[in-house]
Amino acid sequence: LLGVRPLDLYAEERALLPGMAARFLAQIAQRCSGTPLQYLLGEAEFYGVPFLVESGVFIPRPETEVIVEAVLQALRESRARLERPLRILDAGTGSGCIALSLARALPTCFVVGVELSWNALRIAQRNAERHAMASRVRFVQGRWLEGIRGRFDGLVANPPYVPSAQIDHLPLDVRQEPRISLDGGPDGMRDLRELLERVPGLLTAGGIAAFECAEEHVERLLCMGRSLPWVARMSPLHDLAQRPRGVLFHRA
């Protein structure tokens, strides 16, 4: 609220502006009632960069950084053999954190972020402008890959993957986030199946697709991939605790 570093609170004394104490106590009450800290602060850090967030926008999580790292490594290898800028698609972009992190790390790429929520799209666009990426990252409104045309070298998605019956048992602050960003259907794999089915029509030869998912979904996705003719190879992705967190697919 003061706009200073924590150390400054101890290093110097300052008078509070009128109403500041009341705002502080009001936010404490909101936090106690389950409002996520990121919504109160108005931003969340992802891949070392702050991103704007607000109520109605899914909060970026450090686990997703592992997916970004895997995509970057694969696409850097692809970039070496291509003579044009990479094209990347981020399905369900939310705050835009994945799309913008990829664009920031790959200066010659162009990214399209697709998002169903107009509110999230507004925040994603503000993040693009905040980080001077609006010329290389375009956000469009849509449901997953519907209506998307053209071919992409990389596709990444962090879809909802919590089984519907488990939503009401999540921690209180997580339940304040948009249900559409959490609810993955009866078994949590509804959107993962849909995305996997549509991938081959959008990926270039040798392109990659990376999906974040729950630990229990990884082996099931790998089993599905073994029966898909477009999959040349695939590998599980692990989070910082070395728990399965997603799958990376390589197109033939």
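## Charged pairs and the sheet

Glu43 counts as partly exposed, at 33% relative accessibility, where buried means under 20% relative accessible area, exposed over 50%, and partly exposed in between (1.4 Å probe, protein chains only). The model is a predicted one, in which local features need pLDDT of at least 70 and side-chain atom pairs count only at pLDDT 80 or more, while totals for chains, interfaces and linings use all residues. Residues are numbered from 1 along each chain as its sequence is written, and side-chain values use heavy atoms, with hydrogens and water left out.

Side chains of opposite charge can pair when their charged atoms come close. Glu43 forms a salt bridge with Arg130, a term that stands for a side-chain nitrogen of Lys or Arg within 4 Å of a carboxyl oxygen of Asp or Glu. Because Arg130 lies in helix H6 (residues 118-130) and Glu43 in strand S1 (residues 43-46), the pair ties together parts that are 87 residues apart in sequence; helices (H or I, at least four residues) and strands (E, at least two) are DSSP runs, numbered from the N terminus. A search of the whole structure finds 18 salt bridges, including those in the table.

| Salt bridge | N to O |
|---|---|
| Arg130 and Glu43 | 3.0 Å |
| Arg243 and Glu215 | 2.8 Å |
| Glu219 and Arg226 | 3.4 Å |

Arg243 sits in the loop between S8 and S9 and Glu215 in the loop between S7 and helix H8 (218-226), so this pair ties together parts that are 28 residues apart in sequence. Arg226 is exposed, with a relative accessible area of 53%, and Glu219 is partly exposed at 43%. A network of salt bridges links Arg143, Glu146, Arg190, Asp191, Glu194 and Arg198.

Turning to the sheet, seven strands form an open arrangement in the order S5-S4-S3-S6-S7-S9-S8, with mixed pairing, two strands being paired if DSSP finds at least two bridges between them. Strand S5 (137-141) and strand S8 (231-238) stand at the edges with a single partner strand each, so one side of each is left without a neighbour in the sheet. Strand S3 (residues 87-91) and strand S4 (residues 110-115) run parallel and are joined by five bridges, and Asp90 stands opposite Gly113 in S4.

Helix H7 (residues 190-198) packs on the sheet, touching S3, S6, S7 and S9, and its direction makes about 175 degrees with that of S7. Contact here means heavy atoms within 4.5 Å, while axes are lines fitted to C-alpha atoms, for helices over the stretch in contact, and angles run from 0 to 180 degrees between N-to-C directions.
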